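Here's a quick briefing to read with the model open. Take a look at it first, then work through the points.

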Amino acid sequence: MNKQLRRLIMLTCLMLLIVLFLFVFLVRRPFTIAITRFEKSPLSALAVIETREATQVSLIIRGRNHDDLPVTFAGYETYHEIPVLALYPDSVNIVEFHLVTEDGRLYKEVVHIKTDPLPETFPEIGYERLLPEQIAEGFTFLHLGHYDAEGNYRALPSAVDSYGAVRWFYQGDIGHVMKMTGQGTLLIQEGSSLVEIDLLGRTIRTLPPLMYGLHHDVSIMENGNILALSTAPSSFEDGVVELDGETGQYLQGWDFRDILDKDRPPLPRNLEPSDWLHLNGIDYNSRDDSFIVSGRDQSTVAKIDRKSGDLRWILGNHELWNESFQPFLLYPEGDPFAWQWGQHAPMVHPEQQGRVLLYDNGNERSYTDPLDPSENYSRAVEYEIDEASMTVRQVWEYGTKNGSSTFTPFIGDANYLENGNRLICFGGITKNLEGDAVELFDFANNSLNDMKISAKVIEVTADNPAKEVLMFSFNDHDLASYAGYRVYQAERYPLYHPALLQ
C-alpha cells in the first residue's frame with residue numbers, strides 16, 4: 001500500500017471518529033443554546049434554547065462590582081426565547097444559564113458574549129454612590145444626547161447601573177418620548193409616530209402618525225390608552241390627544257386655547273412667537289380620571305377632568321390672569337413657599353392624593369424683576385394641593401442650595417421612586433466657556449446663546465433636607481469647546497420587567 005493511500009485511509013478514519021464523536025455528543029447533549037445579536041441594541045442578545053425535556057430557565061449575568069444579576073423565567077418548556085440584557089460594552093460578558101427539569105435535574109452552561117465599544121461621542125460618566133444602601137432598585141434610563149462644538153446633536157439613549165456602567169444602549173432614531181410600558185417594552189417617538197420596541201431593539205408595532213404632530217411627552221393610562229402632547233389645529237404645541245392603546249386611533253382631544261388664556265403674556269419667553277404655552281409634560285391620575293399638564297411658557301401646571309375637559313385648578317404665579325381664571329388659581333399657604341417657573345415633568349404622587357412633584361427650571365422667576373442666571377437656581381419641588389379649599393403648600397424641595405451651579409434654563413425631570421426616594425435630572429446645565437451660568441436665548445439677536453451644556457442626575461431621599469444617595473454627571477472636558485451633553489429625561493426602570501419573566 002503506497003504512502004498516499006495510507007494517508008487517505010487515516011484521514012478517513014479520523015473523519016469518521018469526529019463524526020461519531022459529534023453524533024454521540026449531540027444525541028446525549030440534552031439542550032442547545034444559540035445566541036443572536038441585534039444592531040439597534042448592541043448590549044442585548046437573544047438566547048434560543050431547545051431542550052429534550054421541559055425545563056425552566058434561569059440566568060446569571062455576571063457583574064463587575066459584586067452585582068451579579070440573577071433572573072428566573074416562569075414555566076417549563078422545551079423551547080425558550082430568552083432576552084439576555086445588561087451586557088457591558090467593549091467586553092467579553094459572562095452569562096451563566098441554568099436549566100432545571102420538572103424533576104429537579106440541573107444543567108449548566110456558561111456563554112461568553114463579546115460586545116463592541118460605545119460610540120466615540122459617548123461620555124465618560126461620573127458617579128458617586130453616597131448612600132449605597134438606600135439606592136432604589138432598577139437601572140437609570142437616560143434620554144442622553146451629545147452636542148458637538150458646532151451644535152449638531154446626536155441622541156444616545158441608554159441605561160446605566162448604580163456604578164455608572166452602561167448596560168443598555170439603543171442606536172435607532174428617537175425623539176422626545178422614551179417610556180417603559182407595563183409589558184416591559186419601550187414606547188419611543190419616531191417623527192410624529194409612537195413606536196413600541198423591545199429591549200433587543202426590535203420594533204413590535206408602529207402607531208399611526210399624529211395628524212398635528214407629537215412632542216415632548218406621553219402618559220400611559222391604566223387601560224392602555226395613551227395621552228399624548230400634540231398641537232391644536234393651526235397653532236403650536238398646545239394640544240393633548242387620547243389614543244387607543246392598541247390601534248393608535250384618535251379618541252378625543254383638548255385644545256388648550258379653549259382651556260387657558262392664550263393672550264396672557266408668556267414667561268419664560270420663546271423665540272417662536274406663536275409658542276404661547278409650550279406643553280412639555282403630562283401625567284394621568286386614575287384615582288379621579290384626570291390629567292395634569294405643564295405649560296412651560298405660562299409657568300403653569302393645570303389639572304383637567306378627562307371626561308368633561310373642564311379645568312380644575314391652576315398651579316403657578318397669579319400675575320396677569322384675567323378675571324375668568326381667578327376661581328381656578330391655587331392660593332399658597334405656609335412657609336417656605338415659592339412658585340415654579342418654566343417647569344417640566346409634573347408627576348402625581350402614586351399614593352398620596354393631592355401631591356405633585358415637578359422640575360422647576362426657574363427661568364427669570366419674575367415678570368418685573370428677573371433674576372440673573374448667576375443668582376438663579378433650578379430644583380425639584382413637591383406641592384400638596386387641597387382642592388376643597390383651593391390652596392397649595394410647598395412640602396419638599398431639592399436644588400435651591402446648589403445655586404447657579406445646576407441652573408438649567410431648559411429640560412429637566414423629577415420622579416418619585418418606589419422606595420420613596422426622588423430621581424432628579426438637572427438635564428440642561430448651561431454655562432459660557434468661563435463657567436458662568438447663562439440663559440437659553442439671546443432675544444436681542446433672536447438666537448440661542450452660545451453655551452456649554454452638561455447634566456447631573458441625582459437620587460435623593462424624601463427627607464427635609466433631602467440626603468443625596470446617588471449622583472451621575474455628564475460633561476465634556478474640553479473647556480475651550482462648546483461640545484457638551486444633555487439628559488432630556490431620566491427614569492428608573494427594571495431591565496427585566498416582571499412581565500418579561502412570565
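Predicted model: local features only at pLDDT ≥ 70, side-chain atom pairs only at ≥ 80, totals over all residues.

Residues are numbered from 1 along each chain as its sequence is written, and side-chain values use heavy atoms, with hydrogens and water left out.

**Cores**
- A nonpolar core here is a set of buried (under 20% relative accessible area, 1.4 Å probe, protein chains only) Ala, Val, Leu, Ile, Met, Phe, Trp, Tyr and Cys residues joined through side-chain atoms within 4.5 Å.
- The largest one has 64 residues, and Phe 141 and Phe 474 have the most contacts inside it.
- Strand E2 (residues 45–61) gives this core its largest share, eight residues.
- A second, separate core has 22 residues, among them Met 221 and Val 293.

**Strands**
- Strands are DSSP runs of at least two residues, numbered from the N terminus, and two of them pair if DSSP finds at least two bridges between them.
- E2 and E3 pair antiparallel over four bridges, with Ser 58 opposite Thr 72 in E3.
- E7 and E34 (residues 468–474) run antiparallel, joined by four bridges, and Arg 129 sits opposite Leu 470 in E34.
- An open, antiparallel sheet of five strands runs E7-E34-E33-E30-E29, with E7 (126–129) and E29 (413–416) at the edges.

Conventions: Buried < 20%, exposed > 50% of the residue type's maximum accessible area, 1.4 Å probe, protein only.
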